Amino acid sequence: MDWSFDETRPIYSQLIEQFTFAILSGELSPGEKLPGVRDLALAAAVNPNTMQRALAELERSGLLYTRRTAGRFVTEDAVLIEQVKIETAQKKLHAFLDEMKQIGFSSEDLIHLLKKE
């Protein structure tokens, strides 16, 4: 994974986004075992507590799960992954549309631009 962080936002939330993207894009496969918290924190150059916080949130969302004594794994729930993928796309699309409206594009202008592609 590419561990790059924006200094203006909390690192744990960026870790959540990076893991989510890796799961949605298939970089992390369903059922794949993750390295331990300390190894992940070392690779990302973050505090282990920060990494633990991000992973715990991903477990609450259902994208990760823990098997006692075996470690953390990516969910195998294809329906959940697809649902999160759609929700993520909708959020990004709404943010894009809001930005385009702020600079003066109407929905019709954007449709016209997309049809040119």
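Biologist: Which residues in H1 meet which residues in H3?

Modeller: This is a predicted model, where local features need pLDDT of at least 70, side-chain atom pairs count only at pLDDT 80 or more, and totals for chains, interfaces and linings use all residues. Residues are numbered from 1 along each chain as its sequence is written, and side-chain values use heavy atoms, with hydrogens and water left out. Helices are DSSP runs of H or I, at least four residues, numbered from the N terminus. Contact means heavy atoms within 4.5 Å. From H1, Ile-11, Tyr-12, Leu-15, Ile-16, Phe-19 and Thr-20 meet Thr-50, Met-51, Arg-53, Ala-54, Leu-55, Glu-57 and Leu-58 of H3.

Biologist: At what angle do H1 and H3 pack?

Modeller: Two packed helices are described by the angle between their axes and the distance between the axes. Axes are lines fitted to C-alpha atoms over the stretch in contact, and angles run from 0 to 180 degrees between N-to-C directions. For H1 and H3 the angle is about 50°, and the axes are 9 Å apart. That makes H1 oblique to H3; oblique is what remains after under 35 degrees (roughly parallel), over 145 (roughly antiparallel) and 65 to 115 (roughly perpendicular).

Biologist: Is Gln-18 buried or exposed?

Modeller: Buried means under 20% relative accessible area, exposed over 50%, partly exposed in between, with a 1.4 Å probe and protein chains only. Gln-18, in helix H1, has a relative accessible area of 16%, so Gln-18 is buried.

Biologist: What is Gln-18 in contact with, leaving aside neighbours within four places in sequence?

Modeller: Met-1, Asp-2, Trp-3, Ser-4 and Phe-5. The Gln-18 side chain reaches the backbone oxygen of Ser-4 at 2.7 Å.

How values were computed: Helices (H or I, at least four residues) and strands (E, at least two) are DSSP runs, numbered from the N terminus. A polar contact is a pair of N or O atoms within 3.5 Å; within protein, one must be able to donate a hydrogen and the other to accept it, and residues adjacent in sequence count only if both atoms are side-chain atoms.
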